[in-house]
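This report describes selected parts of one protein structure. Look at the structure first, then read on.

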Amino acid sequence: MRSSGILLPVASLPGKYGIGSFSKEAYKFVDDLKEAGQNYWQILPLGPTGYGDSPYQSFSTFAGNPYFIDLDTLIEEGLLKESEVNSYDWGSNKSYIDYEKIWLSRFKVLKIAFERFDADDKEYRAFTEDNSFWLDDYALYMAVKNSFGGVSFIEWDEDIRKRDSKAIEKYKEELKEEIEFYKFQQFKFNEQWNKLKAYANKNGIKIIGDIPIYVAFDSADTWANPELFQFDEEGLPTGVAGCPPDAFSATGQLWGNPLYRWDYHKKTDYEWWIKRIKNCYKLYDVVRIDHFRGFDEYYNIPYGDSTAEFGKWEKGPGIELFKAIKKELGEIDIIAEDLGFLTESVLELVKETGYPGMKVLEFAFDSREESDYLPHNYTNNSVVYTGTHDNNTLKGWFNELTKEDKAFVFKYLDKKKLKKKTLHWDFIRLAMGSVANLCVIPVQDYLGLGAEARINTPSTLGNNWKWRMSEGALSKELLDRIYKITKLYSRL
């Protein structure tokens, strides 16, 4: 069935307190999606973020980001006072997130709410019991991390770094209140997100979530489950993830994530992966898995290398993993992020799973060669995007095209030129009119924004994950226009 949706990270929602959250603005966005005839809201990973603020490098693959807890809801519940929340500096620029100010304020405010919270609350106790398989390790990890000044577990004292049982009991006792504080955050995150998701579903909107294939090295996942990863006896990775050199990067991409010990996962019938995916379907209706290629073959870079030049390809679990997931969870909706250079075996894996792959229009217009990303090459079982969180906006991208590539665009669209103010609609129309079953457009492209609204520039630090949508940006006129183009191409 043909359908469409909008990509907007939760952090990019408008609202008070410096960052988007599960606030009334999130509910308003669901209403806007419904009015615009959309079926999906795609978001980025919801995990707690650390240095660099990337949602793809989280302290836990199971936990939620406490930044997204709506403070106004806590005020309504009597856990906070408006004067307390307003006494903190959340940043003055409503268009961009100031992560430093949020980091310095958010946990202090949540601590006040926690101190007023009844820890004997039945729902809270049920939540902590139901999620103990990951929550206990995560809360302990964050509490210990804070006691060591926020450094990665690799720099902790050896006894707790290596999870000596006596050390674990000692820290559990010493940091009892801090551990409970982190559990409280997760309870409130889940409580608020579940209400928002239920509201979206009730209004005919499904949530597309997003998970990275890898977890961060500095995470509760790696500290609590070292046997799942390619670590040596000292708890250091023997190799890390990345991509080899290509036309875009002479030295490749060094991501630094630990690699999975797939032989161990196989012995456990992929138990950890099944738990991970099962948890995703508590949070989302559809899951996009980032870097799907890594399940077929993954690039192993020696730990300690400063570039990705000397890695080697190794075999991943292939179809076995997805058969195990299907056996346990049944038919589930997954989108395979299959972008970039793909070998025959990767293409075969995607085909065998039956999952739709991704098509990105911004990758299509290379005047030097025929591209799979051109709409006439699509199949029904695919998801088309104008761009993703890693791309420039349509307007920013078009401005940077070479003269030859622009000429190719004009030829493909059968136009002599594109109007500067409305060129984004030419590409939106192309995506909407394609045969791809699902079409997802980043909200910045509907708003016709330039490079200033870009979410992320890969392999850079400092200016990413900051953009926020202005309040009222989605006007009645714009929502009506989105509805009309959605109806025109039978995506309602």
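Contact here means heavy atoms within 4.5 Å. Helices (H or I, at least four residues) and strands (E, at least two) are DSSP runs, numbered from the N terminus. The model is a predicted one: local features need pLDDT of at least 70, side-chain atom pairs count only at pLDDT 80 or more, and totals for chains, interfaces and linings use all residues. Residues are numbered from 1 along each chain as its sequence is written, and side-chain values use heavy atoms, with hydrogens and water left out.

**Two helices with a buried face**

A residue is called buried under 20% relative accessible area, exposed over 50%, and partly exposed in between (1.4 Å probe, protein chains only). In helix α8 (165–174), the residues A167, I168 and Y171 are buried. Their directions, seen down the axis of α8, fall within an arc of 100°, so these residues line one face of the helix. The arc is taken from the directions that run from the helix axis to the C-beta atoms. The cover over the buried residues of α8 includes α6, α7 and α9. On the face turned away from this buried side, α8 carries the exposed residues S165, K166 and E173.

Helix α5 (residues 122–130) can be described in the same terms, with Y124, F127 and T128 buried. Seen down the axis of α5, the buried residues fall within an arc of 95°, so they line one face of the helix. Among the elements that cover them are α6 (132–147) and α9 (176–202). The exposed residues K122, E123, E129 and D130 are on the face of α5 turned away from its buried side.

At the start of α8, a side-chain oxygen of D164 comes to within 3.1 Å of the backbone nitrogen of K166. At the start of α5, a side-chain oxygen of D121 comes to within 3.0 Å of the backbone nitrogen of E123.

**The sheet**

Two strands pair if DSSP finds at least two bridges between them. Eight strands form an open sheet with parallel pairing, in the order β9-β6-β3-β2-β1-β12-β11-β10. Its edge strands, β9 (334–336) and β10 (357–360), each pair on one side only. From one strand to the next, the twist averages 25°. Axes are lines fitted to C-alpha atoms, for helices over the stretch in contact, and angles run from 0 to 180 degrees between N-to-C directions. Helix α1 packs on the sheet and touches β1 and β2 (40–42), and its direction makes about 135° with that of β2. Strand β6 (residues 286–289) pairs with β9 in the parallel sense over 3 bridges. In this pairing, V287 stands opposite I334.

The loop between β1 (3–7) and α1 (24–35) contains S21. Is S21 buried or exposed? S21 is buried, with a relative accessible area of 6%. Leaving out residues up to four places away in sequence, S21 touches V10, L13, A26, Y67, F68, I69 and D70.

**Salt bridges**

Side chains of opposite charge can pair when their charged atoms come close. A salt bridge is a side-chain nitrogen of Lys or Arg within 4 Å of a carboxyl oxygen of Asp or Glu.

| Pair | N to O distance | Relative accessible area |
|---|---|---|
| E178 and K111 | 3.1 Å | E178 19%, K111 23% |
| E234 and R161 | 3.4 Å | E234 40%, R161 13% |
| D366 and R368 | 2.8 Å | D366 15%, R368 73% |

Salt bridges that share partners join E158, R161, K162 and E234 into one network. K162 is partly exposed, with a relative accessible area of 37%. Beyond its neighbours within four places in sequence, K162 is in contact with E233 and E234. The C-alpha atoms of K162 and G235 are separated by 7.6 Å, although these residues are 73 residues apart along the chain.

Methods:
A polar contact is a pair of N or O atoms within 3.5 Å; within protein, one must be able to donate a hydrogen and the other to accept it, and residues adjacent in sequence count only if both atoms are side-chain atoms.
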